[in-house]
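Here is a short tour of a protein–DNA model for you to follow on screen. Please have the sequence and the structure open side by side as you read.

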2 protein chains.
Amino acid sequence: MNNEITKKYRKRSEIIKALGHPTRIFIMDFLANGEKTAGEIVEKVGADKSTVSKHLSVMKNAGLVENEKRGLNVFYKLTCACILNLFTCLESIEKRD
Amino acid sequence: MNNEITKKYRKRSEIIKALGHPTRIFIMDFLANGEKTAGEIVEKVGADKSTVSKHLSVMKNAGLVENEKRGLNVFYKLTCACILNLFTCLESIEKRD
DNA sequence: TAGTTAATTGGTTAATTTGTCAACAAGCAA
DNA sequence: TTGCTTGTTGACAAATTAACCAATTAACTA
């Protein structure tokens, strides 16, 4: 596992780690319906707004979502809906247990 | 995010977290070529055998791999090659940055 | 300008994850 | 049985992640 390779795998794992939290997966699913404001996400998740904001920040840094400020609101949306296909695959793994 | 839902998302995140480490992604790629012994994986990864063994244990608990002891060796293989499709999707996210 | 709403950031604490070394268990062979 | 090889487990320290509250910033409105 040489250095060039580890760089590649580190980058991948950053993205995957950003997906690896129940709240963040929930947010991915929620955003599959279209863009939402941070406030709408906070309400849907039901956690402290600072907690949710930090989750969104992790997701944005990983490139899972992008955001845009319009007026007082910040709108979030998925950068790549293809990630949702992963969930289908996960279900087939879940069923094996 | 009610209780029934969180159970679903917790299970998903367990699987994803098991993928969210550079070494473990590397192992997934390595196993895409077919089953390998723990020793072969240790050599390829280049880390302590106990470290690799624990990574394999995390992956197995999540259902990403399965193993079988034959003689002195323990052979590991992917339970579901479909996970590899995820990596294609990740590349498209990586390219956006 | 002062006030209000929406969202992010900083600081702190608790929990989880990772890596390493040493000890152990299982299977084989002399 | 004794010893060798392969792999897993336990204990511990270091690093990372997560949640919460308080303070702050940004954009609008009266």
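Six bridges tie β2(A) to β3 of chain A (residues 73-78), and the two strands run antiparallel. This is a predicted model, in which local features need pLDDT of at least 70 and side-chain atom pairs count only at pLDDT 80 or more, while totals for chains, interfaces and linings use all residues. Residues are numbered from 1 along each chain as its sequence is written, chains are lettered from A and ligands numbered from 1 in the order in which they are written, and side-chain values use heavy atoms, with hydrogens and water left out.

**Chain A as a whole**

- Chain A has five helices and three strands; helices (H or I, at least four residues) and strands (E, at least two) are DSSP runs, numbered from the N terminus.
- Read from the N terminus, the elements of chain A follow the order α-α-β-α-α-β-β-α.
- Along the principal axes, the C-alpha atoms of chain A fill a box of roughly 45 × 35 × 25 Å.
- Of the 97 residues of chain A, 43% count as buried, where buried means under 20% relative accessible area, exposed over 50% and partly exposed in between (1.4 Å probe, protein chains only).

**The sheet of chain A**

- The three strands form an open sheet in the order β1-β3-β2 (chain A), with antiparallel pairing; two strands pair if DSSP finds at least two bridges between them.
- β1 (36-37) and β2 (65-70) of chain A stand at the edges with a single partner strand each, so one side of each has no neighbour in the sheet.
- Between β1(A) and β3(A), the antiparallel pairing extends over two bridges, and A:Lys36 has A:Tyr76 as its bridge partner in β3(A).
- A:Tyr76 is also the bridge partner in β3(A) of A:Asn67, while A:Glu68 stands opposite A:Phe75 in β3(A).
- A hairpin is formed by β2(A) and β3(A), with two residues between them, and A:Gly71 in the turn has a positive phi of about 65°.

**Strands of chain B**

- Strand β1 of chain B (residues 36-37) pairs with β3(B) in the antiparallel sense over two bridges, and B:Thr37 stands opposite B:Phe75 in β3(B).
- Strand β2 of chain B (residues 65-70) runs antiparallel to β3(B), joined by six bridges; the bridge partner of B:Lys69 in β3(B) is B:Val74.
- β2(B) and β3(B) form a hairpin with two residues between them, and B:Gly71 in the turn has a positive phi of about 65°.

**Helix α5 of chain B**

- Helix α5 of chain B (residues 83-94) has 12 residues and reaches 17 Å from its first C-alpha to its last, close to the 16 Å expected at 1.5 Å a residue; the expected span is 1.5 Å times one less than the number of residues.
- The buried residues of α5(B) are B:Ile83, B:Leu86, B:Phe87, B:Cys89, B:Leu90 and B:Ile93.
- On the face of α5(B) turned away from the buried side are the exposed residues B:Asn85 and B:Thr88.

**Around DNA strand C**

- DNA strand C is surrounded by 21 residues, the closest being A:Gly39, A:Lys54, A:Tyr76, B:Lys54 and B:His55; a residue is near a molecule or strand if one of its heavy atoms lies within 4 Å of it.
- Sugar and phosphate make up 54% of the atoms of DNA strand C that come within 4 Å of the protein.
- In the side chain of A:Lys54, an N or O atom is 2.7 Å from a base oxygen of DNA strand C.
- Phosphate oxygens of DNA strand C are 2.5 Å from a side-chain N or O atom of A:Tyr76 and 2.7 Å from one of B:His55.

**Around DNA strand D**

- Of the 22 residues around DNA strand D, A:Ser50, A:His55, B:Gly39, B:Lys54 and B:Tyr76 come nearest.
- Base nitrogens of DNA strand D are 3.0 Å from a side-chain N or O atom of B:Lys49 and 2.8 Å from one of B:Lys54.
- A polar backbone atom of B:Leu72 is 3.5 Å from a sugar or linking oxygen of DNA strand D.

Conventions. A polar contact is a pair of N or O atoms within 3.5 Å; within protein, one must be able to donate a hydrogen and the other to accept it, and residues adjacent in sequence count only if both atoms are side-chain atoms.
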